[in-house]
Amino acid sequence: MRLPCRKTIASWSLLALLITATTPLALADDDNENSTPTAWWLYTGQSYNDIIQKVQTLNARITDISPDNAAGNSFTVTYIRNTGAFAKQWWWYVGIDAATLEKNLAANKARLISLKAYDTGGGNIRFAVAMIANAGGDNKAWWYYFGKSTADITNLTKANNARLTAVQSYTANGQTLYTCIMIANTGADNKGWWWYFNETPQTIGSSVSTNKARLIDLTPSSTTSGRFNAVLEGCSGGCPGWWWYYGLDGADTLSKAEDNGARVMTAGRYQGCAAGECLVTTMISNTPADVTACDAQGCISEAKLATNICNTLAGHVVGYNCRVGAIRPIFGGLARTNTDAPSLPMAPDLVTNIASVSKTMTATAVIQLLAKKGITPDAKIGPYLYTDWQQGPNVNQLTFRELLTHTSGFGQLSVCGDNSKLDYADLKALVAGGVTASNIGKPQYGNCNFALMREIMPALSGQPLSGVPDGSQRAQQSINQYLSYMNAHVYQPVGVRTRSCKPPGGGNELLSYPNPAGGAHGTDWGDWTAICGGGGWVLSTNDIFHVINDLATGNTLLSPTLRKQMISGSLGWDSAVRSDCPNPNVCKNGDLNNGPGTAAVWTYAGILKCNVPVVVSVNSPLPAPYQGGEDIIGLVKDALGKSSVPGTARACP
């Protein structure tokens, strides 16, 4: 997935456009019926040249294309990778007239899968379309129409014994007209179906429920903002997982797709909703039922692991999120209770203070900076501390590795575990106090190790702040640099929106509660900006998963060599100080609470079975025996032990 691209497009000429095709492959399912997992993309504000570039560089084909405006110089486009189960011969055009559309369909022996009309002025109707070869398993009896009334469409479906697969309204010379695509409602394509025009989402939703149906097309009404045109098909013979949304911006739409393990099928922009310019979309399942993952100790089922984790939590905590490998996210319970009305169901796109999982985020940044500097984690930290800070006993002997693995000797100091003692002045005093030489190299967990990284990163990144006056001015500068670097180099490269170390306010955050929540108000854990680093980042489960998934399987954040260095060295992971991840896996937990019986948040991030990312979040104390015992690491370890399946053991690369 990619975040929407929003651009201001300059002038563009309305011409018949380039044909793009790939080697044909006979398939039985249309794209709106095919839930085979595939790569996909959604972009808005696409120019003609943008679309060409995406098609070529992504080896993609268009499944839906809609004009963003009457000028036809900007489009909202959904793409899928044109390989495997989705490989088809296909073509796309924008800015063409009716005669050219008919000619191209005949020349290509094709049928339309997306048809949108728009009036560029004075009744001058142009079309944006995508079409596929009407051959082999894709061959169907089909029809398309434009310039029709709703009564015309009803009569045509009856005359053709057909059902609609797409419908769109547009305005020409002050008149509301419709385009549509229909296929013969016979054989394997014979299904119950319904369609609606200029209808409210409430009526559409009611029809979905009453008819046990799903939406296969949903477009904005051209006459009334917040109303839609819809095509439904019956699910009596079974349907893939599917979802629909309206009133969301592009980023929130993609978050919902990720929550559901879905891909967007259709998308259209419209004005007038609470978020300004919004999208209305339909989605279809895009995740496998299961994946077998193996390491030298044997194999597991990713689906079993996700289910085992969540079954331990469901009904025993206020709310929870579980993400395991390629499996669809599992989540349940409440993110906010009625005490903090309105209540809100839990979902993996809701943000919270992720507590000590922040350490893995900070460690990723430090490993990046060390590599850019051409030094290893065994380099001394002394040269990168502020030059006017007094370095106490043995601080000049400490290395980055020792901070990253809690073996610096700071962990033996009580102040190091106190989250209220991690701002600039506190860290300055910590360094001045030094460490006991005999404690260096001994594992002892301490939050200050990673908070201190925040004050080291300016010099490590080549932007030292020694010229900025000591005190609040320098403290603020270091905070700004830390937040900026993390967003630019850790979060945004893997698709995470700009984040901070304080609650965002509004409806996109979950609250933490005691368990049971009762009538207690939830907490958002306050503003950690001045002490961020070892804790405090406010991220969603999806955000954490983006980072951990790349550390497990990608090379966007770290090269393969650096990933191996981070994992094998337990840099930024709890496996540096405890053995129950379990070995040889790496994991990190996070926990905030105000004492027994109070609100709590728990987070977990790990890489299991060589390259399986696992992320869990819970917004209340854990069920017994984990809250007062093995905590969330033990919970995942126990779930892992129950997830074994037959397979061939293999060493991790």
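The model is predicted, so local features need pLDDT of at least 70 and side-chain atom pairs count only at pLDDT 80 or more, while totals for chains, interfaces and linings use all residues. Residues are numbered from 1 along each chain as its sequence is written, and side-chain values use heavy atoms, with hydrogens and water left out. A search of the whole structure finds 2 cavities of 30 Å³ or more. A cavity is a set of points, on a 1 Å grid over the protein atoms alone, where a 1.4 Å probe fits but cannot get out; lining residues have an atom within 4 Å of a point. Grid points are joined across faces, edges and corners, and a volume is the space filled by probe spheres set on the points.

**Largest cavity**

- The largest cavity holds about 280 Å³ of space.
- Its lining has 22 residues, of which Asp31, Asn32, Thr63, Ile113 and Thr165 are the closest to the centre.
- At least two lining residues come from each of S2 (60-67), S5 (110-119), S8 (162-172), S9 (175-184), S11 (213-220) and S14 (262-273); strands are DSSP runs (E, at least two residues), numbered from the N terminus.
- Strand S5 gives the largest share of this lining, with 6 residues.
- By residue class, the lining comprises 9 nonpolar, 5 polar and 8 charged residues. Here Ala, Val, Leu, Ile, Met, Phe, Trp, Tyr, Cys and Pro count as nonpolar, Asp, Glu, Lys and Arg as charged, and the others, Gly among them, as polar.

**Second largest cavity**

- About 40 Å³ of space lies in the second largest cavity.
- Residues lining the second largest cavity include Thr352, Asn353, Glu509, Asp524 and Trp525.
- This lining divides into 5 nonpolar, 2 polar and 2 charged residues.

- In strand S24 (residues 600-608), 9 of 9 residues are buried, meaning under 20% relative accessible area with a 1.4 Å probe, protein chains only.
- Both faces of S24 are covered, with Ala600, Trp602, Tyr604, Gly606 and Leu608 on one side and Val601, Thr603, Ala605 and Ile607 on the other.
- Strand S23 (residues 586-593) runs antiparallel to S24 and is joined to it by 8 bridges; two strands pair if DSSP finds at least two bridges between them.
- Across this pairing, Gly590 stands opposite Thr603.
- S23 and S24 form a hairpin with 6 residues between them, and Gly595 in the turn has a positive phi of about 115°.
- S24 is also joined to antiparallel strand S25 (residues 612-618) by 7 bridges, with Val614 as the bridge partner of Gly606.
- The hairpin of S24 and S25 has 3 residues between the strands, and Lys609 in the turn has a positive phi of about 50°.

Methods. 1 Å grid on protein atoms, 1.4 Å probe; cavity = no way out; pocket = protein on both sides within 12 Å on 5 of 7 lines; lining within 4 Å. Helix = DSSP H or I, 4+ residues; strand = E, 2+ residues; numbered from the N terminus. Buried < 20%, exposed > 50% of the residue type's maximum accessible area, 1.4 Å probe, protein only.
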